[in-house]
Amino acid sequence: MEEKANGSVDTKSPVENGQLPDPANWAVADVVNYFKATGFEEQATAFQDQEIDGKSLLLMTRNDVLTGLSIKLGPALKIYEYHVKPLQTQHLKSNAC
């Protein structure tokens, strides 16, 4: 994982131990790039508009994603269930050690 001059972390770097780098260290641009890379290019702008960085992403609830980002329901559900929730679980597991 490489830290860039703007303080963001290069999320395109090799996966560590079969997992993404810890999202807690992501800048807003990293969160936006993550969602763009996972096929949610249109919805990624909502994370930019709301200035959601990695720490904020890890604190988001299902309701935050469904209502707070002004994203259509279908994509919002997929974003939460397949991305936000697993990232939160991964973060908790990696910090429990």
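Q: What marks G39, the residue that follows α1 in this predicted model?
A: In this predicted model, G39 comes after α1 and has a positive phi, near 100°.

Q: Where does E51 lie, and why is E51 called exposed?
A: E51 is placed in the loop between α2 and α3. Its relative accessibility is 59%. The cut-off for exposed is over 50%, and E51 therefore counts as exposed.

Q: Why is S70 called exposed?
A: S70 has a relative accessible area of 70%. Exposed means over 50%, so S70 belongs to that class. S70 is located in the loop between α4 (62-68) and α5.

Q: How far is the C-alpha atom of S70 from that of A46?
A: These two C-alpha atoms are separated by 7.2 Å, although S70 and A46 are 24 residues apart along the chain.

Q: What makes D53 partly exposed?
A: The relative accessible area of D53 is 25%. Buried requires under 20% and exposed over 50%; D53 falls in between and is therefore partly exposed. D53 is found in the loop between α2 and α3.

Q: Which residues is D53 in contact with, leaving aside its neighbours within four places in sequence?
A: D53 is in contact with W26, A27, V28 and V31.

Q: Which residues of helix α1 are buried, and what covers them?
A: In α1 (residues 28-37), the buried residues are D30, V31, V32, Y34 and F35. Buried means under 20% relative accessible area. The cover over these residues includes α2 (41-49), α3 (54-59) and α5 (73-96).

Q: How do you know whether α1 and α2 are roughly parallel or antiparallel to each other?
A: The axes of α1 and α2 come within 8 Å and cross at roughly 165°. Angles over 145 degrees count as roughly antiparallel, and α1 and α2 are therefore roughly antiparallel to each other. The crossing in which α1 passes α2 is right-handed.

Q: Which residues make the contact between α1 and α2?
A: From α1, the contact is made by V28, V31, V32, F35 and K36. From α2, the contributors are E41, A44, F47 and Q48.

Q: What is the make-up, by class, of the contact of α1 with α2?
A: The contact has 6 nonpolar, 1 polar and 2 charged residues. Val, Phe and Ala count as nonpolar, and Lys and Glu as charged.

Q: How many helices and strands are in the chain, and in what pattern along the sequence?
A: The chain has 5 helices and 0 strands. Along the sequence the pattern reads α-α-α-α-α.

Q: What share of the chain is buried, and what is its accessible surface?
A: Of the 97 residues in the chain, 39% are buried. The accessible surface comes to about 5900 Å², with 48% of it belonging to carbon and sulfur atoms.

Q: What share of the contacts in the chain with a separation of 6 or more comes from residues 24 or more positions apart?
A: Such residues account for 45% of those contacts.

Note on methods:
Residues numbered from 1 in each chain as written. Predicted model: local features only at pLDDT ≥ 70, side-chain atom pairs only at ≥ 80, totals over all residues. Heavy atoms only, no water. Buried < 20%, exposed > 50% of the residue type's maximum accessible area, 1.4 Å probe, protein only. Helix = DSSP H or I, 4+ residues; strand = E, 2+ residues; numbered from the N terminus. Contact = heavy atoms within 4.5 Å. Axes fitted to C-alpha atoms, helices over the stretch in contact; angles between N-to-C directions. Parallel < 35°, antiparallel > 145°, perpendicular 65-115°, else oblique. Left-handed = near helix turned anticlockwise from the far one by under 90°. Areas by Shrake-Rupley, 256 points an atom, 1.4 Å probe, with all protein chains shown as cover.
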